[in-house]
Amino acid sequence: ETSDAMVQRAWNAGMRYFDTAPYYGHGLSESRIGYSLRWKPRDEFVVSSKVGRVLEPTDRKHIDFKPWVDGLPFTCRYDYTYDGTMRSFEDSLQRLGLGHIDILFIHDADVFTHGVEMQKVYFRQAMDGCYRALVKLRDEGAVKAIGVGVNNWEVMLDFMKQGDFDTLLVAGRYT
């Protein structure tokens, strides 16, 4: 109820862009945003979500929800492959209860999240997998725009040099 009230208040204040991700609350954010927007006119708002993590059902007692509190009963695993991206996208549509996602970002393929060496591995996987899937989804009209959402801007330059992205999102205190 609190979450829905917050989204309704944002809507009434004129906000029309809502960002979420499978990682946020282990799917809970997408579920709540979808619930709150489900009956709004679809052409009047923009929703962005992210790929790069796949959620897997898990018994609550085996889940570390940090930094979230009481998320949905899923664990997150990194998956920047083509198939992982398509699964993540389809799962997000289900949680959101929407027919399409406006902006889809490759999520956290950065040094902040993975460290220097693993970031190189995940960057390559993201370009070979996520990027190909996102271009296909954009070409088919399933998403309107594709991008990269990371914690440090430097990795964005690498993505920009190797792909045709519509938008970039730097996570930070002033996003």
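The structure is a predicted model, in which local features need pLDDT of at least 70 and side-chain atom pairs count only at pLDDT 80 or more, while totals for chains, interfaces and linings use all residues. Residues are numbered from 1 along each chain as its sequence is written, and side-chain values use heavy atoms, with hydrogens and water left out.

**Salt bridges**

- A salt bridge is taken here as a side-chain nitrogen of Lys or Arg within 4 Å of a carboxyl oxygen of Asp or Glu, and by this rule the count comes to 13 salt bridges.
- One of them joins Lys50 to Asp19, with the closest N and O atoms 2.7 Å apart; this pair links distant parts of the chain, since Lys50 lies in strand β2 (residues 46-51) and Asp19 in strand β1 (residues 17-19), 31 residues apart.
- Helices (H or I, at least four residues) and strands (E, at least two) are DSSP runs, numbered from the N terminus.
- Lys50 counts as buried at 1% relative accessibility, whereas Asp19 is partly exposed, with a relative accessible area of 28%; buried means under 20% relative accessible area, exposed over 50%, and partly exposed in between (1.4 Å probe, protein chains only).
- Arg77 forms a salt bridge with Asp79, the closest N and O atoms being 2.9 Å apart; Arg77 is partly exposed at 33% relative accessible area, and Asp79 is buried at 10%.
- Within helix α4 (residues 111-140), Glu117 and Lys120 lie 3 residues apart, about one turn of the helix, and their side chains meet in a salt bridge of 3.6 Å, N to O.
- Glu117 is itself exposed, with a relative accessible area of 55%.

**Strand β5 and its neighbours**

- Strand β5 (residues 101-107) is mostly covered, with 7 of its 7 residues buried.
- Two strands are said to pair if DSSP finds at least two bridges between them; β2 and β5 pair in the parallel sense over 4 bridges, and the bridge partner of Val51 in β5 is Ile106.
- Strand β6 (residues 143-150) runs parallel to β5 and is joined to β5 by 6 bridges, with His107 standing opposite Gly149 in β6.
- From β5 the chain crosses through α4 to β6, and this β-α-β crossover is right-handed, a term that applies if, with the strands pointing away from the viewer, the path from the first strand over the helix to the second runs clockwise.
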